[in-house]
Protein chains: 2
Amino acid sequence: MPTPHYGQPRYRVIADELKHRIESGAIPPGALLPTESALGAEFRASRGTIRQAIAVLRDACLVATEHGRGTYANALSHERGLDKRAAPETRQRQVAADPELAALFGVEIGTTLIERESVTRWNGAVGNVIRVYRLPEIR
Amino acid sequence: MPTPHYGQPRYRVIADELKHRIESGAIPPGALLPTESALGAEFRASRGTIRQAIAVLRDACLVATEHGRGTYANALSHERGLDKRAAPETRQRQVAADPELAALFGVEIGTTLIERESVTRWNGAVGNVIRVYRLPEIR
DNA sequence: AGAAATTTGTCCGTATGTATC
DNA sequence: AGATACATACGGACAAATTTC
């Protein structure tokens, strides 16, 4: 098969499907997603494409991946081995929607949103601070 | 050559080098980076690895890529074909550092920072709002 | 207008490195 | 130590957007 991606590319379709499974609870919060190889077999896609799909979910803060372990769904603060050194560079909290965020999300000003803050570094020094806002998971 | 990435992976080393060129002005703001193939030839890396390096820069808001055109350095608001419909999904402005940002960046509270806001969508609906903060370019 | 060239986007298959179990 | 799983890297192929002729 060549590479037909009329309309949506496959990695995006796969990301969408996985997103549904997570939000519907088919993959409960904190659970491990199937391995990349397993997902590749299920969707008949190469591992690279699966990784691309997972990267989309990661950017949207829907999953968190750990080397050698797997990818967790909705790992809001992966309460796994937190006896180890805690996650240093990323925090999460609830905030009230400012007027601009409220307009974007289409909610009332003051509505509680989830803010996830992370820090990128360049050789130690802080490069960017990234704040991702999203609506609280309903479920 | 196999895949040795002792210490830092190659895509990160390449991203670092490109970052230096941009910040030093060797690649001036708004200029096009060399093509992915050209960079691959220069760094003796595959196109995939180059693309990974560029993705790092894109996440740090150091470059912006356009399909069929190329990757622009520091394209703060790529003043190219802006007669077309401007992309309203990403904005940039100056803000005063709140206490938390000030602490992270190691500056005084109230110092002006650059905030770039972008919006991700899932089938039209707003998914996340992302705000990236960084220090103003010195130069 | 249309065709060709250029450049980024997507996808595959494979191989090897590294972290975890 | 071995098995499992994610990370990095290569090379090739084709799709899609843009520019150039």
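I take a salt bridge to be a side-chain nitrogen of Lys or Arg within 4 Å of a carboxyl oxygen of Asp or Glu. I note that this is a predicted model, in which local features need pLDDT of at least 70 and side-chain atom pairs count only at pLDDT 80 or more, while totals for chains, interfaces and linings use all residues. Residues are numbered from 1 along each chain as its sequence is written, chains are lettered from A in the order in which they are written, and side-chain values use heavy atoms, with hydrogens and water left out.

**Entry 1: salt bridges between the chains**

I looked up the total and found 23 salt bridges over all chains. Arg91(A) pairs with Glu100(B) in one salt bridge, where the closest N and O atoms are 3.0 Å apart. Because Arg91(A) lies in strand E3 (residues 90-96) of chain A and Glu100(B) in helix H4 (residues 99-105) of chain B, this pair joins two chains. For helices (H or I, at least four residues) and strands (E, at least two) I use DSSP runs, numbered from the N terminus. For burial I use relative accessible area, calling a residue buried under 20%, exposed over 50% and partly exposed in between (1.4 Å probe, protein chains only). Arg91(A), at 37%, is partly exposed.

I then turned to Asp98(B), which forms a salt bridge with Arg131(A), the closest N and O atoms being 3.2 Å apart. This pair also joins two chains, because Asp98(B) lies in the loop between strand E3 (90-96) and H4 of chain B, and Arg131(A) in strand E5 (residues 125-134) of chain A. Asp98(B) is partly exposed at 26%, whereas Arg131(A) counts as buried at 4%.

**Entry 2: a salt bridge within chain B**

I found Glu115(B) and Arg93(B) meeting through their side chains in a salt bridge of 2.7 Å, N to O. Glu115(B) lies in strand E4 of chain B and Arg93(B) in strand E3 of chain B, so the pair ties together parts that are 22 residues apart in sequence. Glu115(B) is buried at 3%, and Arg93(B) is partly exposed at 29%. Both belong to a network of salt bridges whose members include Asp98(A), Glu100(A) and Arg131(B).

**Entry 3: helix H1 of chain A**

I checked the length of helix H1 (residues 10-24) of chain A, whose 15 residues should span 21 Å, and its end C-alpha atoms are 21 Å apart, which agrees. The expected span is 1.5 Å times one less than the number of residues. Among the buried residues of H1(A) I noted Ile14(A), Leu18(A) and Ile22(A). After H1(A) comes Gly25(A), whose phi is positive, near 95°.
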